[in-house]
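Have a look at the model, then try each task before reading its solution.

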Amino acid sequence: MSETLAPLTDPALAGDEELLGALRLGDERAYVALVRRYGALMQRVALGYVRTPAVAEEVVQETWCAVLTGLERFEGRAALKTWIMRILTNRAKTRGQREARSLPFSSLAEHEHDEPAVDPDRFLPADHPRYPGHWAAAPAEWSQTPDERLVAAETRDCIRTAIASLPPRQQVVISLRDVEGWSPEEVCELMDLSENNQRVLLHRARSQVRAELERYLTSEREVAA
Amino acid sequence: MSADAGMSCQELVELVTHYLEDALPAADRARFDAHLAECPWCVEYVAQIARTISAVGASWRDVEAGAGMAELLDLFRGWKRGALA
């Protein structure tokens with residue numbers, strides 16, 4: 001790696017490696033670029049573990065503090081974003097556990113039952129003579145919903161609410177995979193998950209969000225009809 | 001149900017993520033594809049999952065970081081001054 005101070009041409013477009021180099025040299029623009037790049041994700045992931053946006057914000061700040069003071073020791077064995085997100089999830093978890101202990105009931109327990117992707121009542125019973133496990137009735141059709149509708153502000157609100165109501169680990173996995181575009185390997189590394197567990201969490205999360213989206217899109221249709 | 005029997009709709013909806021991630025063993029993948037070839041309702045379901053994935057990707061567009069940039073900049077400047085422990 002070159003030790004020369006190459007000026008950052010456009011921090012927003014620079015790769016993490018380049019930003020890391022500049023950050024080590026105290027370049028404020030590199031820091032701002034990293035905060036812009038990962039700030040929203042960090043806030044979202046932190047909210048999966050703690051109760052309020054204000055506490056999540058504190059966790060994000062503590063994380064940047066730890067990143068800056070830990071820069072010297074960071075050897076680059078993991079990717080920068082993995083390192084940052086690992087610090088964040090560790091802190092958020094600790095904070096969440098502390099909050100849970102100080103409250104009479106823990107609403108932060110992970111409700112990760114083996115919930116089916118689709119309500120079992122929507123399928124014919126396993127002992128059905130001809131079509132066991134087949135759809136009992138056609139699923140509501142909404143896959144051809146126009147893009148404008150799917151990315152409309154209200155639909156996005158509905159999706160964010162659906163994600164926010166998932167158990168923490170599912171929120172983190174769906175955010176990293178489907179919002180941030182992380183690879184399965186990167187998610188496994190960050191969260192210490194096996195490939196299969198990562199997939200199971202992603203599956204439950206996507207299935208739940210699909211169900212919420214269906215409820216939202218089809219109830220609107222009834223109102224319109 | 002034996003391993004080489006046809007896949008049911010209920011089974012398919014639980015395997016859709018494995019399918020999309022290309023993580024199904026070849027035999028299950030073949031059963032999955034064979035089911036899709038005959039079941040328009042499951043085709044619709046898989047299409048819905050695909051739309052869900054892209055809608056999730058768009059859902060956080062324009063959502064700003066919660067923590068204020070001003071506070072985070074103070075943090076950085078403090079670090080540069082050596083004020084951060």
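**Exercise 1: the largest nonpolar core**

Find which residues touch the most other members of the largest nonpolar core, then work out where that core lies.

*Solution.* Keep in mind that this is a predicted model. The core has 54 residues, and the ones touching the most other members are A:Leu19, A:Leu34, A:Val45, A:Ala46, A:Leu88, A:Ile159 and A:Val173. Next, see who supplies it: helix H2 of chain A (residues 28-47) gives the most, with twelve residues. Finally, domain 1 (16-101) and domain 2 (120-224) of chain A both contribute residues, so the core lies between them. There's also another core apart from this one, with 13 residues, including A:Phe123, B:Met7, B:Cys9 and B:Ile49.

**Exercise 2: a helix and what follows**

Pick out the buried residues of helix H1 of chain A (residues 16-24).

*Solution.* They are A:Leu19, A:Leu20, A:Gly21, A:Ala22 and A:Leu23.

**Exercise 3: two helices in chain B**

Describe how H1(B) (residues 9-20) and H2(B) (residues 26-38) pack.

*Solution.* Start with the geometry: the angle is about 120° and the axes are 11 Å apart. That angle makes H1(B) oblique to H2(B). The crossing is left-handed. Now the residues: B:Leu12, B:Leu15 and B:Tyr19 from H1(B) meet B:Asp28, B:Arg29, B:Phe32 and B:His35 from H2(B).

Conventions. Residues are numbered from 1 along each chain as its sequence is written. Chains are lettered from A and ligands numbered from 1 in the order in which they are written. This is a predicted model: local features need pLDDT of at least 70, side-chain atom pairs count only at pLDDT 80 or more; totals for chains, interfaces and linings use all residues. A residue is buried if 20 or more other C-beta atoms lie within 10 Å of its own, exposed if 12 or fewer, and partly exposed in between; C-beta atoms are placed from the backbone. Helices (H or I, at least four residues) and strands (E, at least two) are DSSP runs, numbered from the N terminus. A nonpolar core is a set of buried Ala, Val, Leu, Ile, Met, Phe, Trp, Tyr and Cys residues joined through C-beta atoms within 7 Å. Domain bounds come from an automatic or database domain assignment. Axes are lines fitted to C-alpha atoms, for helices over the stretch in contact, and angles run from 0 to 180 degrees between N-to-C directions. Angles under 35 degrees count as roughly parallel, over 145 as roughly antiparallel, 65 to 115 as roughly perpendicular and the rest as oblique. A crossing is left-handed if the near helix is turned anticlockwise from the far one by less than a right angle, and right-handed if clockwise. Two residues are in contact if their C-beta atoms, placed from the backbone, lie within 7 Å.
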